[in-house]
Amino acid sequence: MVTIFGKPLLLLYGQLTLGLVNGAFYALLSLGLAVIFGLLNVINFAHGALFMLGAFVAWGLLTYLGIGYWAALIVAPCVVGLFGVALERVLIKRLRGLDHLYGLLLTFGCALVIEGLMRNEFGSSGVAYDIPHALKGPLNLGFMVLPLYRAWVVIAATGMCLATWLLIEKTRLGATLRAATENAPLVQAFGVDVPRLVTLTYGAGVALAAFAGVLAAPMNSVNPNMGSNLIVVVFATVVIGGMGSILGSIVTGFGLGIIEGLTKVYYPEGSAAVVYVVMVIVLLLRPAGLFGRAA
Amino acid sequence: MSFGFSRAQAVALVALVAVIIVAPGLVYPVFAMKVLCFGLFASAFNLLIGYVGLLSLGHAAYFGMGGYVAAYVAKTWGLSAELAILAGGAVGGLVGLVFGWLAIRRQGIYFAMITLALAQMIYFFCTQASFTGGEDGIQQVPRAPLFGVVSMQDDMALYWLIAGIFLAGFLLIHRIVHSPFGQVLKAIRENEPRAISLGYRVDDYKLLAFVLSAFLAGIAGAAKSQVFGFATLTDVDWPMSGEVVLMTLLGGIGTIFGPVVGALMFGALETYLAPFGDWVTVSQGAIFILCVIAFRRGIVGELGNRLRLVL
């Protein structure tokens with residue numbers, strides 16, 4: 001058997017792909033957080049809960065309406081995005097001009113409400129969501145056997161990340177968004193409806209989280225705690241990467257996933273904590289984050 | 001009155017002491033002790049958010065570690081009550097020293113996220129370390145005798161000890177806030193760059209405040225583990241960090257008495273809603289939203305504002 005540093009190569013490949021899959025979720029979620037923070041100056045603590053809601057909407061679409069996975073990939077983010085728009089209009093909007101910390105506390109409260117309601121309805125163990133037929137089964141790459149669904153998650157997440165990056169960096173809408181991030185009053189003076197832009201940005205960021213939720217639905221069970229388990233790691237990702245750069249968020253997310261996968265191979269006990277260790281190291285060496293600008 | 005209390009605060013303090021004295025006759029003493037432990041925990045947290053403007057989202061780490069350490073030394077080493085609780089506070093303060101040193105490198109929202117992430121590290125440590133007992137926690141912790149001689153088996157005996165610890169911690173926090181050191185903390189909260197330009201070593205002040213807060217949180221957690229006779233992962237997990245924020249927000253951030261009132265409301269809410277399962281979480285979230293949208297001063301802050309008093 002081929003080994004690398006005393007570990008079977010196949011184990012290494014397996015954990016690396018799993019790491020890439022986790023990294024895909026970190027990247028998608030921290031990307032949404034960064035986009036929202038850029039314009040709203042709010043750290044969206046409800047991001048994990050909305051990710052979970054995306055998975056549950058996909059499950060509900062299938063169970064009650066018979067709408068399958070592929071349609072859910074589009075419909076669920078739209079539904080959760082609309083919910084996000086309502087949330088922004090009704091609650092978050094009222095905090096403009098206040099200390100950033102209130103936004104964090106408000107969205108924390110939203111996360112508690114959403115998760116509590118879902119736990120009441122579905123219990124802590126959650127429900128099962130099948131892998132769509134076309135993505136079942138293994139993919140033989142010659143040097144390793146890869147579950148097809150994992151490959152799909154990495155590809156879909158990467159595609160979505162790149163699309164978001166292109167939208168923000170290369171389109172006119174993205175240019176307006178970046179301008180508003182830099183100086184909202186000035187952009188407003190040019191006749192752009194900034195409050196609407198803010199609402200739509202929140203909706204889009206939330207939709208990204210829901211998209212990740214649909215991707216995650218067939219991986220494990222769809223359960224009310226799936227978001228809160230993830231959100232703390234995503235916060236660490238954001239601290240490590242800094243929220244200044246879109247590409248930075250993507251790279252950091254995937255990078256951390258891979259590091260986590262490698263840790264599972266070489267030091268399994270430390271895999272749950274390795275992201276935080278990386279965070280500590282980055283804080284010591286580059287306090288502003290890898291891609292961040294000093295405040 | 002000396003000690004930095006205004007007249008209104010002195011009246012409120014007398015009322016608080018009176019409530020503490022009559023409370024065990026009115027409610028179940030264990031409930032009263034739980035509220036006192038939470039009250040000290042929230043007051044310690046308030047020292048940071050209320051007087052330095054630092055939002056720590058990881059205070060469960062110090063509270064929970066304090067609980068584990070006190071439970072461990074009381075059960076395994078057979079230490080007396082005051083030593084076990086002090087040991088819990090010392091470890092809480094030590095963890096706070098390391099985490100505070102790391103977290104004060106960033107400001108605002110990043111500070112909050114870093115404290116949360118570091119606290120989660122402690123949580124994972126506690127799930128795996130052998131001394132914490134993993135998922136089971138440390139069970140059947142004996143109530144250690146005070147100074148090794150005064151038995152604490154009776155609820156009322158323990159109640160007076162917990163009340164004493166609470167009052168000592170509460171007065172210490174009041175003293176800190178009203179000392180020259182506390183004035184500098186408030187200056188940092190109001191305008192950090194100006195405090196720096198006035199020549200204050202802002203990071204040293206922040207770190208010392210952080211360590212004091214973590215120490216007192218550790219004391220509170222240690223006291224709680226003595227009251228209930230166990231230490232589990234619940235006290236070290238992130239929902240506990242959220243709950244202490246809620247107590248402080250509800251009672252009034254930056255008021256001396258607010259966190260105590262918040263802890264009482266929270267304790268009552270948790271106890272009376274306990275049969276309804278996850279509705280506790282839902283109502284906590286709803287209170288968070290309500291407080292942030294409409295009630296940012298909290299109960300005591302609002303009261304003080306109406307009466308034009310600093311409470």
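Leu86(B) is found in helix 4 (residues 81–103) of chain B, where helices (H or I, at least four residues) are DSSP runs numbered from the N terminus. With 21 C-beta neighbours inside 10 Å, Leu86(B) counts as buried; a residue is buried if 20 or more other C-beta atoms lie within 10 Å of its own, exposed if 12 or fewer, and partly exposed in between, with C-beta atoms placed from the backbone. Although 133 residues separate Leu86(B) from Ile219(B) in sequence, their C-alpha atoms are 6.5 Å apart in space. The model is predicted, so local features need pLDDT of at least 70 and side-chain atom pairs count only at pLDDT 80 or more, while totals for chains, interfaces and linings use all residues. Residues are numbered from 1 along each chain as its sequence is written, and chains are lettered from A and ligands numbered from 1 in the order in which they are written.

Two further helices of chain B can be described next. Helix 3 (residues 60–77) of chain B has 18 residues and spans 24 Å from its first C-alpha to its last, close to the 26 Å expected at 1.5 Å a residue, the expected span being 1.5 Å times one less than the number of residues. Of these 18 residues, 16 are buried, so helix 3 of chain B is largely enclosed by the rest of the structure. Gly78(B), with a positive phi near 65°, follows this helix. In helix 13 (residues 298–307) of chain B, the buried residues are Gly298(B), Ile299(B), Val300(B), Gly301(B) and Gly304(B). Their cover includes helix 10 (238–251), helix 11 (258–273) and helix 12 (279–294) of chain B.

The contact between the chains takes 33 residues from chain A and 34 residues from chain B; two residues are in contact if their C-beta atoms, placed from the backbone, lie within 7 Å. On the side of chain A that touches chain B, helix 4 (100–122), helix 9 (226–241) and helix 11 (274–285) of chain A each supply at least two residues. Helix 4 of chain A gives the largest share, 16 residues. By class, this side of chain A has 25 nonpolar, four polar and four charged residues, where Ala, Val, Leu, Ile, Met, Phe, Trp, Tyr, Cys and Pro count as nonpolar, Asp, Glu, Lys and Arg as charged, and the others, Gly among them, as polar.

Helix 9 of chain A packs against helix 5 (residues 108–128) of chain B at an angle of about 130°, with their axes 9 Å apart; axes are lines fitted to C-alpha atoms, for helices over the stretch in contact, and angles run from 0 to 180 degrees between N-to-C directions. That makes helix 9 of chain A oblique to helix 5 of chain B, since angles under 35 degrees count as roughly parallel, over 145 as roughly antiparallel, 65 to 115 as roughly perpendicular and the rest as oblique. Val232(A), Phe235(A), Ala236(A), Val238(A) and Val239(A) meet residues of helix 5 of chain B, including Tyr110(B), Met113(B) and Gln120(B).

Within chain A, the axes of helix 9 and helix 11 come within 9 Å and cross at roughly 25°. That makes helix 9 of chain A roughly parallel to helix 11 of chain A.
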